[in-house]
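Here are my notes on this one, as promised.

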Amino acid sequence: MALGPWSCSGPALTIGAAALRDHEWARGTRDALQRRARELDAVLAAAGVSGVVGGTGLFRLVQRADANKVHASLAAQHIWCRRFEWADDLLRFGLPPHDRDLDRLARALASFE
């Protein structure tokens, strides 16, 4: 390992092992993440952020020429997305955990335009 071993508490190991054995929970979690990712995609598209260039079940990477301005506007509204020093046209949006958070992001993006 390049970083070396990372310690993990006994309770965390027990919970993690139980989660890995619970195939129904894992399937439900994957389905919920995919559903939330589609909802995030819809919010981004409705706000004109249509340049999804990558992502996973946990985040979306979007390309937009004014990414730094979008980032600053969202940050001023206490919404954090990741910007990259090496690519000023990329933003990474994590999946909002709750509907209210997704709605808040939609309102913030709408106010930007």
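The points below start with the sheet and then move to the helices and a few side chains.

1. First, a reminder that this is a predicted model, so read everything here with that in mind.

2. The sheet is open and has four strands, in the order β1-β2-β4-β3, with antiparallel pairing. At the edges sit β1 (52–55) and β3 (82–84), each of which pairs on one side only. On average, neighbouring strands are turned by 25 degrees against each other, ignoring direction.

3. Gly-54 is the residue opposite Leu-61 in β2. Helix α2 (residues 23–46) packs on the sheet, where it touches β1, β2 and β4 (87–94). The direction of α2 makes about 25 degrees with that of β2.

4. Next, α3. This helix lies across β3 and β4 and runs at about 40 degrees to β4.

5. Which residues of α3 are buried? They are Ala-67, Val-70, His-71, Ser-73 and Leu-74. Because they cover an arc of only 165 degrees around the axis, they end up on the same side of α3. The face turned away from the buried side of α3 carries the exposed residues Lys-69 and Ala-76.

6. Ala-72 also belongs to α3 (residues 67–76). Its relative accessibility is 44%, so Ala-72 counts as partly exposed, between the cut-offs of 20% and 50%. The C-alpha atoms of Ala-72 and Arg-83 are separated by 9.7 Å, the two residues being 11 apart along the chain. Just after α3, have a look at the backbone of His-78, which takes a positive phi of about 65 degrees.

7. Now the rings. A search of the whole structure turns up one aromatic pair. The partners are Phe-84 and Trp-86, at 5.2 Å centre to centre with 50 degrees between the planes, which makes the pair tilted. Are the two partners buried or exposed? Phe-84 has a relative accessible area of 9% and is therefore buried, whereas Trp-86, at 66% relative accessibility, counts as exposed.

How values were computed. Residues are numbered from 1 along each chain as its sequence is written. This is a predicted model: local features need pLDDT of at least 70, side-chain atom pairs count only at pLDDT 80 or more; totals for chains, interfaces and linings use all residues. Side-chain values use heavy atoms; hydrogens and water are left out. Rings of Phe, Tyr and Trp (its six-membered ring) pair if their centres lie within 6.5 Å; planes under 30 degrees apart count as stacked, over 60 as edge-to-face and the rest as tilted. Buried means under 20% relative accessible area, exposed over 50%, partly exposed in between (1.4 Å probe, protein chains only). Helices (H or I, at least four residues) and strands (E, at least two) are DSSP runs, numbered from the N terminus. The arc is that of the directions from the helix axis to the C-beta atoms. Two strands pair if DSSP finds at least two bridges between them. Axes are lines fitted to C-alpha atoms, for helices over the stretch in contact, and angles run from 0 to 180 degrees between N-to-C directions. Contact means heavy atoms within 4.5 Å.
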